[in-house]
Amino acid sequence: VQLVESGGGLVQPGGSLRLSCAASGRTFSSYTVGWFRQAPGKEREIVVGARSGSGSTYYSESVKGRFTISRDKTTNDLQMYLQMNSLKPEDTAVYYCAVASKYLITSVLTSENAYDYWGQGTQVTVSS
């Protein structure tokens, strides 16, 4: 399974970016997708997690109302996106997409250890 990310870059405070992640190499039926980030000197943290089907979406408090996850799934591929609006300097980090090949409950989906596959990471820098 390969996850390929794109869309990072430098943006001014208040600006927007859209990250993309393409997952290929396996057919996912029941799954959980997540976006994590890691700022310099800090541990990797969950940003948003979303489950297949009608499962609810989890947003961390720091991004709620500003970030939105979406996904497209075909038979063999899974695409996920992270729309980031009203960006702040504290959003600066390397962002990673991740996929778990099962439905994760909320208490589990926030843990990076629950995910099976990871993207390579993309740098997001928010600065004037």
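1. A search of the whole structure finds four aromatic pairs; rings of Phe, Tyr and Trp (its six-membered ring) pair if their centres lie within 6.5 Å, with planes under 30 degrees apart counted as stacked, over 60 as edge-to-face and the rest as tilted. This is a predicted model, in which local features need pLDDT of at least 70, side-chain atom pairs count only at pLDDT 80 or more, and totals for chains, interfaces and linings use all residues. Residues are numbered from 1 along each chain as its sequence is written, and side-chain values use heavy atoms, with hydrogens and water left out.

2. F36 and Y115 make an edge-to-face pair, 5.2 Å centre to centre with 85° between the planes. F36 lies in strand β4 (residues 32–38) and Y115 in the loop between α1 and β10 (117–118), so the pair ties together parts 79 residues apart in sequence. Helices (H or I, at least four residues) and strands (E, at least two) are DSSP runs, numbered from the N terminus. Both F36 and Y115 are buried (under 20% relative accessible area; exposed is over 50%, partly exposed in between; 1.4 Å probe, protein chains only).

3. Y96 and W118 are also edge-to-face, at 6.4 Å centre to centre and 75° between the planes. Y96 belongs to strand β9 and W118 to strand β10, 22 residues apart. Y96 is buried at 15% relative accessible area, whereas W118 is partly exposed at 26%.

4. Ring pairs join F36, Y96, Y115 and W118 into a cluster. The charged end of R44 sits over the ring of W118, 4.0 Å from its centre (CZ of Arg or NZ of Lys within 6 Å of the ring centre and within 35 degrees of the ring normal).
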